[in-house]
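Subject: Structure handover

Hello,

Here is the structure for you to look over. My notes follow below it.

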Amino acid sequence: MSAPEAAPAFALERDWVVPADHPAFAGHFPGQPILPGVVLLDQALQAARTLAPGAARWALPQAKFLRTVAPGQLLRLRLRALPSSAFAFEFLHAGVVVAQGQLKPEPAAP
């Protein structure tokens, strides 16, 4: 029998309650507000910048949006450092992944 796999070590974990009055909900969509994925990407990028403050630019090699996010939902953001110097991110709501992807810091152009 093999040893159980160790849980991934997260470089950062933080909770975020999606504000019901977030401006992104205006018109997205009337009567059934859904948070645009770009808002989640912005939250992940802000968190990643705290771990790699010297990065001038960021690449987004991969992103998947798996579930919709509504106003007032509590999300947990997890960032994990990858061997490639990138960061894997995931957003969870009630233990279910709603979005995931990677952000890679890039040095300033010479």
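Which strands each supply at least two residues of the lining of the largest cavity? They are strand S1 (12–17) and S3. Helices (H or I, at least four residues) and strands (E, at least two) are DSSP runs, numbered from the N terminus.

Two points on the source before the rest. This is a predicted model, in which local features need pLDDT of at least 70 and side-chain atom pairs count only at pLDDT 80 or more, while totals for chains, interfaces and linings use all residues. Residues are numbered from 1 along each chain as its sequence is written, and side-chain values use heavy atoms, with hydrogens and water left out.

**The cavity**

The structure holds 1 cavity of 30 Å³ or more. The largest cavity has about 30 Å³ of space. On a 1 Å grid over the protein atoms alone, a cavity is a set of points where a 1.4 Å probe fits but cannot get out; a pocket is an open set with protein on both sides within 12 Å along at least five of seven lines; lining residues have an atom within 4 Å of a point. Grid points are joined across faces, edges and corners, and a volume is the space filled by probe spheres set on the points.

Arg14, Asp15, Trp16, Gln43, Leu75, Leu77 and Phe91 line the largest cavity. S1 gives the most to that lining, with 3 residues. By class, the lining splits into 4 nonpolar, 1 polar and 2 charged. Here Ala, Val, Leu, Ile, Met, Phe, Trp, Tyr, Cys and Pro count as nonpolar, Asp, Glu, Lys and Arg as charged, and the others, Gly among them, as polar.

Gln43 counts as buried because its relative accessible area is 17%. Buried means under 20% relative accessible area, exposed over 50%, partly exposed in between (1.4 Å probe, protein chains only). Leaving aside neighbours within four places in sequence, Gln43 is in contact (heavy atoms within 4.5 Å) with Trp16, Leu77 and Phe91. Gln43 and Trp16 are 27 residues apart in sequence, with their C-alpha atoms 9.0 Å apart in space.

**Aromatic pairs**

The whole structure has 2 aromatic pairs. Trp58 and Phe87 form a tilted one, at 6.3 Å centre to centre and 40° between the planes. This pair links distant parts of the chain: Trp58 sits in strand S2, Phe87 in strand S4 (residues 87–93), 29 residues apart. Trp58 is buried, because its relative accessibility is 18%. Phe87 is buried too, at 8%.

Phe89 and Phe91 form an edge-to-face pair, 6.2 Å centre to centre and 70° between the planes. Phe89 is buried at 3%, and Phe91 is buried at 1%. For the cut-offs: rings of Phe, Tyr and Trp (its six-membered ring) pair if their centres lie within 6.5 Å; planes under 30 degrees apart count as stacked, over 60 as edge-to-face and the rest as tilted.

The largest pocket has about 160 Å³ of space. It is lined by 12 residues, and those closest to its centre are Arg80, Ala88, Phe89, Glu90 and Gly101. S3, S4 and strand S5 (96–106) are the elements that give two or more residues to the lining. The lining has 5 nonpolar, 4 polar and 3 charged residues.

Glu90 is in strand S4. Is Glu90 buried or exposed? Glu90 is buried, because its relative accessible area is 18%. Neighbours within four places in sequence aside, Glu90 is in contact with Phe10, Arg76, Leu77, Arg78, Val97, Ala99 and Gln100.

**Two loop residues**

Gln73 is in the loop between strand S2 (57–65) and strand S3 (74–81). Gln73 counts as buried because its relative accessibility is 18%. The Gln73 side chain reaches the backbone nitrogen of Ala70 at 3.1 Å. That is a polar contact: a pair of N or O atoms within 3.5 Å; within protein, one must be able to donate a hydrogen and the other to accept it, and residues adjacent in sequence count only if both atoms are side-chain atoms. Not counting residues up to four places away in sequence, Gln73 touches Trp16, Val17, Val18, Thr68 and His93.

Phe29 lies in the loop between S1 and H1. At 45% relative accessibility, Phe29 is partly exposed.

Best wishes
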